[in-house]
Structure formats: structure tokens, C-alpha cells
Amino acid sequence: MSYADKVFVENMKDILENGTWDTNLQVRPKWEDGTPAHTVKKFCIVNRYDLQKEFPILTIRKTAFKSCIKELLWIWQKKSNNIHDLDSHIWDQWADETGSIGKAYGYQLGIKHKYKEGEFDQVDRVIYDLKHNPASRRIMTNIYNFEDLHEMHLYPCAYSMTFNVTGDTLNGILNQRSNDMLTANNWNVCQYAILLMMLAQVSGLKAGTLVHVISDAHIYDRHVDMVKEIIEMPQYPAPKVWINPEVKDFYDFKIEDFKLIDYVANEKKYSIPVAE
């Protein structure tokens, strides 16, 4: 059975059984009808995924793999903060009339900074160091820029990646301040597993372990019944992932360069409300 399923089910059971509710507190998020969106949470969940063993995608609930990749390329490759560059509607509620989400996500990755080796944005600096300075302990990105928070329509949730090369293997740590576990947990895991694989491929390395550190892992009140149903669904073996081996430049990857092979998952669709 899928290792991602095992981790997800354990996380969800732990939150439901041992988590803390915030119903006695004033909370920022609200449902579309204006009702406060309360959560039950666990502090600091840490999950590890060995990408050399299997791809960490859920089978108990189907994950929209292509949509995950489109968003990843929008942020990390296009470095865009405009939804008109994204073939998806998942960011619509945070965009203004021009399509902008403010100085968030891709905008932050695209800002150029001066180094002694030249001028790089965060993504290009990572790629440069993986190729030229693989022993470095400073290969990381961070998009939680306090100076620009007031101009972000949504503060970054998954805000930092730290990369570490061990031998010929690229490992990474994804730091996430907040994770809506039902809506976005496996979505983020799949995205950053793929990112690690992409960067490894263009740097002549193998993708190793993805560590996912979540500060506030929560389930919303209106998600609880769905979570209880999903974690009891049948589990299937993890699929294989194919990334076009001919691509050697990070900016040449296209959506058709990623495929899941033998992905079997439960097909039931859920109407999951998203708190704002």
C-alpha cells in the first residue's frame, strides 16, 4: 500500500484524537457564509518520504497530479504572481481585478539578489550552487519576506526549502507554517517531491529524501466528517512517476514531461470548502 496513505492516515488520526481545538479563540479564517472557521490541530508534525522507494501520492483520495505540477511550475519556473499565467482557478479567490496575488510566492522567488558570483534570483542561486557548490550548507529559499507581507494577498504557507547534497543524492526539507491537511497536505507533498526530482535531474544528482515540517497541522471543523470517511477508504500501491529524462534545463520542463504510471486511487469526489 502507498506509504503516503500510511503517513496521512496516521497524521489525521493523531490530530483528531490528540489535537487541540481553537473554538474558544477568535480566529482569522471564515467560511463563505461568514462563520468563523475553527480547527483542531497538532503542533509540529514531521514526515519523511524516501523518493527512491516510491512517489508519495495518496490513493485513498485521488490527488490532482497535473494541477499540482501546473501550480509548481507557475511559482518556481515562471515565478509568477498573476493567475492569468496559471491554467487553474485555485488561486482566484486571492487575486485582484488584474489577476495579481500581490508580492507573494513566485514574485519572491523572482527577485534578484547580488552575490560575489553574480546576480541571481533564489531559484537560479539554488541551481548554481547544486552544480558548482554541492557541499554548501547554504542552499535554500525563503519567500516569507516580512518587508512585503502587507502587499501579499495570502501569506506563504509552504515558505522555505533547504537543500542538502549527500554524495550524489539531493535531499530537501520543506518548512510549512500552516497546513490545511485535507485540502493541501498531499498536494504540497507531491509538488515538492517533484521539485526535488526536477532539481536533482538538472544538477546530475539523484532525488533522495523529502522531509516535510509542518508547524500548525490542522483539520477544519467542516472537514472532520470527510476526513473520517477518507481515512477508512481502501488503499492501493503507490504509482510510479516518470519525468522526461531528456530535459536538462530547469526552465525547459513542461507539463507533458510529468506522468504517473499505474495510478489507482479512489475516485469519489468531495466538495471541500476552503476557508479564507
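**Reading a cavity, a sheet and its helices**

Mentor: Let's start inside: I75, W76, L109, T141, I143, A158, Y159, S160, M161, L174 and Y192 line the largest cavity. Bear in mind that this is a predicted model.

Trainee: How do you find a cavity, and how much space lies in the largest cavity here?

Mentor: Rolling a probe the size of a water molecule over the atoms shows where empty space is left. In this structure, the largest cavity holds about 50 Å³ of space, and there is one cavity of 30 Å³ or more.

Trainee: Which element gives the largest share of the lining of that largest cavity?

Mentor: Strand 6 does, with four residues. The elements giving two or more residues to the lining are helix 2 (65–77) and strand 6.

Trainee: How many bridges join strand 2 to strand 8?

Mentor: Eleven, and strand 2 (residues 39–50) runs antiparallel to strand 8 (residues 206–220).

Trainee: What about helix 4: which of its residues are buried?

Mentor: An α-helix has 3.6 residues a turn, so residues three or four places apart point the same way. In helix 4 (residues 122–132), the buried ones are Q122, V123, R125, V126, I127, D129 and L130.

Trainee: Which residue caps the N-terminal end of helix 4?

Mentor: That's D121, with a side-chain oxygen 3.1 Å from the backbone nitrogen of V123.

Trainee: Last one: where is C44 found, the residue with phi near 60°?

Mentor: C44 sits in strand 2, and its phi is a positive value in a residue other than glycine. Y105 is another such case, with phi near 50°, in the loop between helix 2 and helix 3 (106–110).

Trainee: Is Y105 buried or exposed?

Mentor: Buried means under 20% relative accessible area, so Y105, at 8%, counts as buried. C44, at 37%, is partly exposed.

Note on methods
Residues are numbered from 1 along each chain as its sequence is written. This is a predicted model: local features need pLDDT of at least 70, side-chain atom pairs count only at pLDDT 80 or more; totals for chains, interfaces and linings use all residues. Side-chain values use heavy atoms; hydrogens and water are left out. Buried means under 20% relative accessible area, exposed over 50%, partly exposed in between (1.4 Å probe, protein chains only). A polar contact is a pair of N or O atoms within 3.5 Å; within protein, one must be able to donate a hydrogen and the other to accept it, and residues adjacent in sequence count only if both atoms are side-chain atoms. Two strands pair if DSSP finds at least two bridges between them. On a 1 Å grid over the protein atoms alone, a cavity is a set of points where a 1.4 Å probe fits but cannot get out, and a pocket is an open set with protein on both sides within 12 Å along at least five of seven lines; lining residues have an atom within 4 Å of a point. Grid points are joined across faces, edges and corners, and a volume is the space filled by probe spheres set on the points.
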